[in-house]
Amino acid sequence: MLFQPVILITDALFFALTTVIFVFVMIARKKEHLRRPWGKVIKRTTGAVALVVLICYYSIALLDSMHFRLKLENVTQSEYQYSNEILSVLDVLMASMRTQVEKTFSAPLAVQLFSKEMVQQDDGSMQQIYPRLKYGGAHLDDPLSEKSKDLVKISIRAIVMAILCWAGFWLLTVWRNSKSKHSSFSASLQRFVSGDSEYPLRAIAITTGLITIAIFVSMFVGSKYHLFGTDKVGQDVFYQAIKSIRTGILIGALTTLVMLPVAITLGAMAGFFRGWVDDVIQYIYTTLNSIPHVLLIAASVLLLQVYMSNNAEGFDSLTERADLRLLFLCLILGITSWTGLCRLLRAETFKLREMEYIQAATAFGVTKSNILARHIMPNFMHIVLITVVLDFSGLVLAEAVLSYINIGVDPATHSWGNMINQARLEMARDPAVWWSLTAAFIFMFTLVLFANLFADVVRDALDPRISGSE
Amino acid sequence: MIAYIVRRVLYAFPLLLGINLITFVLFFVVNSPDDMAKNQLGQKHTTAQQIEDWKRERGYNLPLIYNEDASAGAKFTETIFYQKSIRLFVFDFGSSDSGRDISYDIANRMWPSLTIAVPHLIVGLLITITFALLIAFFRASYIDYWAVIICVALMSISTLFYIIGGQFIIGKLLKVVPISGYDTGLDALKFLILPVIIGIVGGIGSGTRWYRTIFLEEIGKDYVRTARSKGISEQLVLFRHVLRNALIPILTGVVVVLPLLFMGSLLTENFFGIPGLGSYTIDAINRQDFAIVRSMVYLGSVLYIIGLILTDISYTLVDPRIRLS
């Protein structure tokens with residue numbers, strides 16, 4: 001074997017979540033009552049565009065979750081030995097950006113370091129100059145005159161290739177559409193261009209086009225230059241921002257995954273059984289809710305830090321340690337965020353159990369657990385889904401704030417919060433080092449913005465109160 | 001009314017007890033005082049004697065719940081649970097791990113927090129309500145559509161960027177006000193403007209969107225139709241009828257956060273170097289001072305519960321249809 005797969009705990013959970021989503025999509029496609037509201041989401045332009053962007057982020061996170069160890073080369077054939085470093089598929093795809101480490105800060109697309117250094121000239125004299133970068137634009141002989149021309153050349157090549165790929169894909173789609181609808185290719189193409197289709201295909205095509213161009217340009221330019229510059233230790237900022245996607249998505253997705261079972265069972269039980277069960281559950285979530293969330297998270301993470309520093313020998317590698325901390329953060333965030341959903345579900349179950357069909361089920365002698373599972377839970381699932389998508393963006397934002405206060409993910413984990421935390425003091429430099437913050441801002445803003453837009457569309461489509469009035 | 005308030009306050013006690021138990025379990029059972037001592041003193045070259053000393057100085061050398069060595073009643077009072085947790089009930093916070101009196105610090109640092117939080121709340125509320133009312137006036141038009149999208153975009157920007165960007169543009173590029181710091185008296189004004197403005201701008205997106213939905217809900221009600229059918233102009237309908245009735249959910253929503261204003265804002269105070277309770281908490285978190293974090297958790301919970309009680313009372317004050325039972 002050339003490599004040894006490594007499955008971290010968060011990877012396993014993330015794969016499990018992906019499977020759940022996949023199965024749900026498969027089931028929903030066959031059932032009309034599930035397909036209709038989701039079809040509504042995709043038919044809205046905002047919903048479709050947001051979904052495309054979110055799928056892109058999710059795929060990057062998924063690629064970044066496939067971890068493995070490479071086989072060491074200089075070992076004899078008979079024994080297998082693997083490197084200690086845990087890599088992901090994304091690391092391999094972005095290998096040039098990961099390995100091309102400069103000495104220290106350099107501006108976006110720069111060919112020189114950010115600060116002057118004493119360098120010995122050819123004639124032996126010392127001089128203060130901006131030294132050339134080891135990798136950024138190293139292929140140029142005379143950077144001053146060639147750089148802009150070179151950049152334009154690379155970008156144009158990237159854009160042309162991107163457009164070719166994109167156009168090929170969409171022409172194929174239109175062609176297949178025309179086959180299945182038995183209409184001519186040109187008529188289908190005309191309908192596609194004018195945006196006359198059941199689903200907003202044109203908007204989706206434009207979004208995917210822009211994304212393809214962005215990916216191609218960043219890969220082409222990124223292999224020769226540092227697209228967003230380098231940070232204090234010379235690491236490529238663009239690479240860091242991309243690696244942070246996994247952390248952001250994981251925090252948003254896994255937190256809901258761990259809190260859902262608790263919120264659903266307790267919420268349904270409180271509303272269905274009432275009496276002392278209701279009292280106890282209400283007491284638990286009111287108590288948890290009374291504690292300011294930031295402080296509860298801070299307290300829990302502090303205690304985790306103490307535990308980890310006292311049991312440092314229990315962790316095999318830094319990656320595993322950082323991974324455990326990420327998982328724990330998700331758990332803590334889950335503990336603080338299930339209360340809201342639980343209260344909503346309790347109120348909804350209260351209402352549902354008085355419905356005639358529940359009375360009918362009781363009269364037929366259906367057991368209580370069966371009524372809960374088959375008649376009540378499916379009827380409040382829309383609330384669960386709405387809450388999940390609404391909470392997602394808030395959790396991504398929360399991660400940044402928590403990492404800033406040093407109670408978020410491990411400092412070794414790539415995350416937007418850590419990037420901001422490390423870069424914010426550099427703004428005070430003159431001239432300011434702005435690129436780390438800008439990169440973190442762009443990637444985080446895009447994710448949160450489209451998650452918010454998507455959440456709005458999902459709420460409009462799934463909430464029977466709103467969709468009924470349309 | 002008084003009977004209701006008394007009952008609500010009595011309700012709060014089991015909650016406080018629960019919070020106390022949670023903090024106790026978190027701070028003393030999950031990690032023993034020994035762990036904390038080791039963490040504070042460093043991992044290496046720490047003798048058992050040093051740990052014992054550290055614990056004795058801070059009163060952590062007692063048994064957790066039950067003290068066998070003590071006599072009669074002291075069996076329960078000479079314990080960490082009684083000394084550190086039960087005493088929080090009477091707001092006896094004790095001293096921090098570095099030896100300072102926590103109650104004194106809290107009383108001192110409360111005021112800077114309030115000088116930021118109160119103008120932030122009032123001015124922010126006025127601005128967001130105005131915006132929301134304007135959007136509601138232009139409802140179902142392109143102005144409404146784009147205003148909502150702008151609100152969502154503003155919501156999607158992390159608070160960190162508002163603060164860093166605001167500091168950079170207003171403080172560093174334009175040099176209008178100092179970037180951070182604090183002073184007493186009127187001199188404090190120039191330090192307060194920037195954090196208050198940034199706080200308000202950061203809250204506009206979510207605030208406006210939230211109040212817009214409240215206004216729209218109110219506009220769909222029967223009394224508004226009646227008012228319109230009487231021939232009242234749209235402006236009057238909005239300002240006289242809709243605004244007044246929408247103020248009920250808005251105000252009661254604000255009452256919840258009123259007591260929490262004392263706690264200040266963690267991020268703002270930390271970034272702007274304001275010596276309030278927010279930065280006190282952050283400093284404690286960074287120094288791993290568990291005594292302070294524990295006190296702040298308790299204080300925050302108490303203030304939140306007070307806020308809930310005040311909300312219930314304010315409902316009856318602004319809406320006579322709601323009767324206490």
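The legends below describe close-up views of a predicted model. Residues are numbered from 1 along each chain as its sequence is written, while chains are lettered from A, and ligands numbered from 1, in the order in which they are written. Local features need pLDDT of at least 70 and side-chain atom pairs count only at pLDDT 80 or more, whereas totals for chains, interfaces and linings use all residues; side-chain values use heavy atoms, with hydrogens and water left out.

**View 1. The interface of chain A and chain B.**
In this view 46 residues of chain A are in contact with 44 residues of chain B, contact meaning heavy atoms within 4.5 Å. The two chains bury about 3900 Å² between them, and 74% of this area is on carbon and sulfur atoms; buried area is the accessible area (1.4 Å probe) that two parts lose on being put together, summed over both. On the chain A side, A:Leu295, A:Leu302 and A:Leu303 supply 16% of the area buried against chain B, which is more than any other three residues.

Two or more residues of the side of chain A that touches chain B come from each of helix H10 (275-290), helix H11 (293-310), H14 and helix H16 (435-462) of chain A, where helices (H or I, at least four residues) and strands (E, at least two) are DSSP runs numbered from the N terminus. H11(A) provides the largest share of that side, 13 residues. By class, the side of chain A that touches chain B has 31 nonpolar, ten polar and five charged residues, with Ala, Val, Leu, Ile, Met, Phe, Trp, Tyr, Cys and Pro counted as nonpolar, Asp, Glu, Lys and Arg as charged, and the others, Gly among them, as polar.

A:Val401 is placed in helix H14 (residues 368-404) of chain A. Because its relative accessibility is 19%, A:Val401 counts as buried; buried means under 20% relative accessible area, exposed over 50%, and partly exposed in between (1.4 Å probe, protein chains only). Not counting residues up to four places away in sequence, A:Val401 touches B:Leu160 and B:Leu267. A:Leu331 is 70 residues apart from A:Val401 along the chain, and their C-alpha atoms are separated by 17 Å.

**View 2. A:Ile159 in helix H6 of chain A.**
A:Ile159 lies in helix H6 (residues 143-180) of chain A and, with 32% relative accessibility, counts as partly exposed. Leaving aside neighbours within four places in sequence, A:Ile159 is in contact with A:Ile213 and A:Val217. The C-alpha atoms of A:Ile159 and A:Thr212, which are 53 residues apart along the chain, are separated by 8.7 Å.

**View 3. Two loop residues with positive phi.**
A:Asn406, although not a glycine, has a positive phi of about 70°. A:Asn406 lies in the loop between H14 and helix H15 (416-423) of chain A and is partly exposed, with a relative accessible area of 41%. In chain B, phi of B:Ala140 is near 55°, again a positive value in a residue other than glycine. B:Ala140 is found in the loop between helix H6 (102-137) and helix H7 (142-155) of chain B, and its relative accessible area of 77% makes B:Ala140 exposed.

**View 4. The two domains of chain B.**
The domain assignment gives domain 1 (2-90) and domain 2 (102-318) of chain B, such bounds coming from an automatic or database domain assignment. The contact takes 19 residues from domain 1 of chain B and 15 residues from domain 2 of chain B. These domains bury about 1600 Å² between them, 70% of it on carbon and sulfur atoms. The side chains of B:Asp312 and B:Arg8 meet in a salt bridge (2.0 Å, N to O).

Notes
A salt bridge is a side-chain nitrogen of Lys or Arg within 4 Å of a carboxyl oxygen of Asp or Glu.
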